[in-house]
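Visitor: Hi, I have a new structure on my screen. Can you walk me through it?

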Amino acid sequence: MPSWQKVTDLASLKRRKKCVATLGDDEILVLYAEGRVYALNNTCIHKGKKLARGLVFKGHIICPGHQWAFDLRTGWVDEWAQCQPTYAVRVEDGEVYVDPEPKVYRTKPCLAQEPERKEV
Ligand code: FES
């Protein structure tokens, strides 16, 4: 059962495109990209650079450290077959909520099994 935590309001996320929220011990990067909201752990699994300083490009966040390209939907990086933790997101009444329970794939995820992300 998700324990949704409010992280920001949608209007300011749309303006700023990203925000970082601390939930428990985790820094979570919340992104607005291509009309949808995504959440990934802000600390890169490779060498710990902050993804908030990266660029969003074609459905991926590019880490500023060594340019690993993490899929925004799953956190998966094809080239290295590794996964940045992601978080479920819910948008309701203009507020953005994140479930702080991380999701990490051990093998390449099947996108058809991913929950559909609505445009907001
Ligand atoms: S620290 Fe992110 S790719 Fe190396």
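Guide: A term to start with. Helices are DSSP runs of H or I with at least four residues, strands are DSSP runs of E with at least two, and both are numbered from the N terminus. This is a predicted model: local features need pLDDT of at least 70, side-chain atom pairs count only at pLDDT 80 or more, and totals for chains, interfaces and linings use all residues. Residues are numbered from 1 along each chain as its sequence is written, and side-chain values use heavy atoms, with hydrogens and water left out.

Visitor: OK. Where is M1, then?

Guide: M1 sits in the segment before β1 (5-9).

Visitor: Buried or exposed?

Guide: M1 has a relative accessible area of 99%, so it is exposed. The cut-offs: buried is under 20% relative accessible area, exposed is over 50%, and partly exposed is in between (1.4 Å probe, protein chains only).

Visitor: How far is M1 from D99 in space?

Guide: The C-alpha atoms of M1 and D99 are 9.3 Å apart. In sequence, 98 residues separate the two.

Visitor: Let's zoom out. How many helices and strands does the chain have?

Guide: The protein chain has 1 helix and 11 strands. Along the sequence the pattern is β-α-β-β-β-β-β-β-β-β-β-β. The radius of gyration is 13 Å, close to the 14 Å that the globule rule gives for 120 residues, so the chain is as compact as a globular protein of that length. That radius is taken over C-alpha atoms, and the rule is 2.2 Å times the number of residues to the power 0.38.

Visitor: And what does the C-alpha trace span?

Guide: About 40 × 30 × 30 Å along the principal axes. Of the 120 residues in the chain, 40% are buried.

Visitor: Now the sheets. What is the strand order in the one with β2?

Guide: β2-β3-β4, an open sheet of 3 strands with antiparallel pairing. Two strands pair if DSSP finds at least two bridges between them.

Visitor: Which strands stand at the edges?

Guide: β2 (18-23) and β4 (36-41). Each has a single partner strand, so one side of each is left without a neighbour in the sheet. Neighbouring strands here are turned by 25 degrees against each other on average, direction ignored. For angles, axes are lines fitted to C-alpha atoms, for helices over the stretch in contact, and values run from 0 to 180 degrees between N-to-C directions.

Visitor: How many bridges join β3 and β4?

Guide: Strand β3 (residues 26-33) and β4 pair over 6 bridges, in the antiparallel sense. L29 stands opposite L40 in β4.

Visitor: And what about the sheet with β5?

Guide: That open sheet has 3 strands in the order β5-β6-β7, with antiparallel pairing. β5 (55-57) and β7 stand at its edges. β6 and β7 pair over 3 bridges. I61 has F70 in β7 as its bridge partner.

Visitor: F70 has a ring. How many aromatic pairs does the structure hold?

Guide: It holds 2. W68 and F70 have ring centres 6.2 Å apart and planes at 50 degrees, so the pair is tilted. W68 and W80 are stacked, at 5.4 Å centre to centre and 15 degrees between the planes. The cut-offs: rings of Phe, Tyr and Trp (its six-membered ring) pair if their centres lie within 6.5 Å; planes under 30 degrees apart count as stacked, over 60 as edge-to-face and the rest as tilted. W68, F70 and W80 form one aromatic cluster.

Visitor: Is W80 buried, exposed or partly exposed, and why?

Guide: Partly exposed, because W80 has 44% relative accessibility. W68 counts as buried at 7%, and F70 counts as buried at 0%.

Visitor: Last topic. What lies over the face of Y97?

Guide: R90, at 5.0 Å from the ring centre. A charge sits over a ring if NZ of Lys or CZ of Arg is within 6 Å of the ring centre and within 35 degrees of the ring normal. In β11, Y97 is also the bridge partner of R90.

Visitor: How many residues sit between β10 and β11?

Guide: The two form a hairpin with 2 residues between them. D93 in the turn has a positive phi of about 50 degrees. Strand β10 (residues 89-92) and strand β11 (residues 95-98) pair over 4 bridges, in the antiparallel sense.
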